[in-house]
Amino acid sequence: MATAEAEAVDFEPEDDDLMDEDGIADDVSPAAAAPIPKLKSAITGGGGGSSSLVPKKTKGRGFGEGADSERSSRLGGRGFDSLGSDGGPGALRSIEGWIILVTGVHEEAQEDDLLNSFGDFGAIKNLHLNLDRRTGFVKGYALIEYEDFSEAQEAISKMDGAQLLDQIINVSWAFCKGPYHKKSIRRRSRSPRRKF
């Protein structure tokens with residue numbers, strides 16, 4: 001192998017090659033130097049230090065300064081129905097009257113059987129008895145509509161737990177306000193709960 005001679009070169013930097021500690025050349029003033037560009041963040045919507053000069057753009061609802069006051073003033077004038085249960089659970093009136101739900105109806109029951117037993121409490125405005133299309137028998141429930149609240153209330157109090165065609169029926173309001181609590185609560189799964 002041949003040996004190569006290394007020649008030492010003396011390099012003398014010129015004045016325009018020298019940089020100060022900030023990265024700006026000596027002959028250029030710091031005010032005239034171009035700022036280093038910052039990357040824009042997709043999350044914050046702006047660059048590093050210049051976000052105070054440019055307003056941050058956000059998408060969606062509720063980011064404006066007066067968003068809550070604007071929303072409340074816009075929706076405050078409308079007459080919404082409240083879902084509050086001030087007096088606890090109770091009956092709600094349908095459009096035309098007071099509807100009660102009769103469950104546990106015998107599959108061979110007829111409309112006349114229900115008219116005879118529930119007609120004693122007041123004039124029945126409407127009676128709906130659903131039939132199964134395949135078998136032609138009653139599905140097991142009926143909807144009965146009364147004009148007056150007192151008539152429907154009396155029918156519920158006297159017929160709940162009574163017998164109709166050798167079968168015990170349950171009678172309650174079809175439309176209720178407030179929470180509805182069932183007598184027997186069955187859990188969805190018997191497996192133990194997850195531990196996080």
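Helices (DSSP runs of H or I of at least four residues) and strands (DSSP runs of E of at least two residues) are numbered here from the N terminus. The model is predicted, and for this reason local features need a pLDDT of at least 70 and side-chain atom pairs count only at pLDDT 80 or more, whereas totals for chains, interfaces and linings use all residues. Residues are numbered from 1 along each chain as its sequence is written, and side-chain values use heavy atoms, with hydrogens and water left out.

The protein chain contains three helices and six strands, which follow one another along the sequence in the pattern α-β-β-α-β-β-α-β-β. Of its 196 residues, 18% are buried, where buried means under 20% relative accessible area, exposed means over 50%, and partly exposed lies in between (1.4 Å probe, protein chains only). Among contacts (heavy atoms within 4.5 Å) between residues at least 6 apart in sequence, 61% join residues at least 24 apart.

When residues up to four places away in sequence are not counted, Val-171 touches Ile-100, Leu-101, Val-102, Phe-118, Ala-155, Ile-156, Met-159 and Asp-160.

Strands are taken to pair if DSSP finds at least two bridges between them. E2 and E4 run antiparallel and are joined by six bridges, with Val-102 standing opposite Ala-142 in E4. E4 also pairs with E3 in the antiparallel sense, again over six bridges, and here His-128 has Leu-143 of E4 as its bridge partner. E3 and E4 form a hairpin with six residues between them, and in the turn Gly-136 has a positive phi of about 85°.

In helix H3, the buried residues are Glu-151, Ala-152, Ala-155, Ile-156 and Met-159. Seen down the axis of H3, these residues fall within an arc of 135° (taken from the directions from the helix axis to the C-beta atoms), so they line one face of the helix. The cover over the buried residues of H3 includes E2, H2, E4 and E5, while Ser-157 and Lys-158, on the other side of H3, are exposed. Just after H3, Gly-161 takes a positive phi of about 90°.
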